[in-house]
Amino acid sequence: MSRQPLFLPMSLQEGENRGIRQFDIILITGDAYVDHPSFGTALIGRVLWDAGFSVGIIAQPQVKSPEDFEALKAPRLFFGISSGNVDSMVDNYTPNLRRRSNDVYSPGGIPKRPDRATIVYTNRVHELFPDIPVVIGGIEASLRRFAHYDYWQDRVRQSILADAPADLLVFGMGERQMVEIAERLAAGEPVSTLCDIRGTSYTMEVAEWRKSPPKGIVEIPGFAEVARDKTAYARAFALHYHEQDPVRGRAVAQPHPKTVVIQNPPARPLTTEELDRIYELPFARRAHPSYTQVIPALEPVQFSVTSHRGCFGACSFCALTHHQGRIIQSRSSDSIIREVNRMTKMPAFRGVIQDVGGPTANMYCLSCNQWETSGACVDKRCSPACKNLSTSHKEQCRLLTRIRGISGVRHIFIGSGIRYDLALADDSGYLEMISNYHISGHLKVAPEHISQKVTRIMNKPGREIFDRFCAQFETLQQGKKKRQYLLPYFMSGHPGCTISDMVALAVYIRDHSLYTEQVQDFTPTPMSVSSCMYYTGLNPFTLEPVHVPRGQEKKIQRALMQYRDPKNHGLVTEGLRIAGREDLIGSGKQCLVTGDGKRSGRFAK
Ligand code: SF4
């Protein structure tokens, strides 16, 4: 294929301008096409182009008529379909199941993504192009690859591969898999034989599976069993969770009524050189010129830099372990410097790097000496307490220092959240450095809760560590002309959390004068440990019962976090009574609400 275009083609004409009569691959996405590395379709499209394939993009097709799907004609090799950067149900509905009126991944914020976009698009493509292979991927397909609890229908759904007529599912970060699929199809292999690619799932006839199941596969309880038995669901979840390691993970099979879904072991982590090459592809960092309206999701990330992938934090409510994995893959600082230098030459660049980070900002270049040989531990959680984990942030400090030295760069901010237990374990002055140079006024941290029982279930560091971090941050503020603040994220309604736990959190917020506009009410998104707990009421790893707040209790928990808001005072009063904390109702200094249903005067402004 010729050298990379300024934008990947979205029309036959753009293809023809580059001498392309038929695209090798057509990517269909529920997002607008923004040529930026944090938009999955652009990333995969550029990587495939880099590997020598021509790629056309169909963004946000109208599903009612065939025209949009036929706009680029049939591809030579395959269609790649994704819902976009987000799960369509998460994107289309609020946690209270109300339909959202905007979509930041769409021009003008106007929603265009159908519910269950991957299935809808795949059905349409299969109808129109029955002989062309279809590969599904992206977050929606990836995190629905096994039978899973669906919050929006409040039931267990089949694997998306059992619902969508796709030939292959790519899970996790998909660059390696997509290139291998393209190369093997281009070499003449039929798609039905591509059953051995790491980081992909495929289906097998039930009869064939029963007759001769492939060797070395872990069979987990099937759809019929997990749909009727919550303990079986929890066991199935724990079994596939433990196999999501690229070094030691084995293939996993889950029988469904009409098919057997088989997940191959996860793709091997990308090397530093591979990551460098990907992130240095010539992304325009702009939306395709055919758009006349702004795509809101671009603005906050336009001049941000991905320094690494993966997160070993493994918070229970986050499904990243099932997507990017626990092993950190970092870019070289030279590559990041080259990328920033390129950014500084872009006309829209105003001297501000909005973020340098990954899923967690301060995991760049951190590593465990066992990852390469044995993968991440099955039975242990990574934390600074583990002697095998290197926690020095010196490479991060060096990197930030180098970026500060680039001509044209005025500010570099840390926009991703930081893991404060790691920052405390650091010995190279990271916190002081970011406090001096890289915080725009607020530093995001996510303690999520202060009750030890809840943080343990969430797999987050406990309150003492957060308190130590706050104290250290406060010390760093001394002598500063402009004060900086911590922006803590707390969560209500998480499995394991009771009304008493939320009252304790409200008291903590009161005593520490914390700002809590950012309320997160737990939503059971596909494939997280917490979603499994929400559905089953069990800890999948121990099968112990877990309290699950629902309905009115969930509303009370959320209200307690924002007890200062007058509209919450009825619920807050109800919660305080349930928790036996009438001492917090009234006119005393310690009270959260007054007895007449108004807020306590202490916080009145
Ligand atoms: S040895 Fe420690 S840091 Fe390494 S994977 Fe195991 S728990 Fe994590």
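**Exercise 1.** Find the residues that Ala425 is in contact with, leaving aside its neighbours within four places in sequence.

*Solution.* Ala425 touches Pro384 and Thr391 once those sequence neighbours are set aside. Keep in mind as you look that this is a predicted model. Finally, Ala425 has a relative accessible area of 32%. Buried would need a value under 20% and exposed one over 50%, so Ala425 counts as partly exposed.

**Exercise 2.** Work out whether Gln484 is buried or exposed, and describe its surroundings.

*Solution.* Start with the location: Gln484 sits in the loop that links helix 20 (463-477) and strand 21 (485-492). Its relative accessible area is 7%. The cut-off for buried is under 20%, so Gln484 is buried. Now look at its partners: apart from neighbours within four places in sequence, Gln484 is in contact with Ser435, Ile439, Gly441, Phe473 and Gln477. With Ser435 there is a further detail: a polar atom of the Gln484 side chain lies 2.7 Å from the backbone oxygen of Ser435.

**Exercise 3.** Which residues surround the ligand, and how do they divide by class?

*Solution.* First list the shell: Cys368, Gln370, Trp371, Ala376, Cys377, Lys380, Arg381, Cys382, Cys386, Asn388 and Leu389 surround the ligand. Then sort by class: the shell has 7 nonpolar, 2 polar and 2 charged residues.

Notes:
Residues are numbered from 1 along each chain as its sequence is written. This is a predicted model: local features need pLDDT of at least 70, side-chain atom pairs count only at pLDDT 80 or more; totals for chains, interfaces and linings use all residues. Side-chain values use heavy atoms; hydrogens and water are left out. Helices (H or I, at least four residues) and strands (E, at least two) are DSSP runs, numbered from the N terminus. Buried means under 20% relative accessible area, exposed over 50%, partly exposed in between (1.4 Å probe, protein chains only). A polar contact is a pair of N or O atoms within 3.5 Å; within protein, one must be able to donate a hydrogen and the other to accept it, and residues adjacent in sequence count only if both atoms are side-chain atoms. Contact means heavy atoms within 4.5 Å. A residue is near a molecule or strand if one of its heavy atoms lies within 4 Å of it. Ala, Val, Leu, Ile, Met, Phe, Trp, Tyr, Cys and Pro count as nonpolar, Asp, Glu, Lys and Arg as charged, and the others, Gly among them, as polar.
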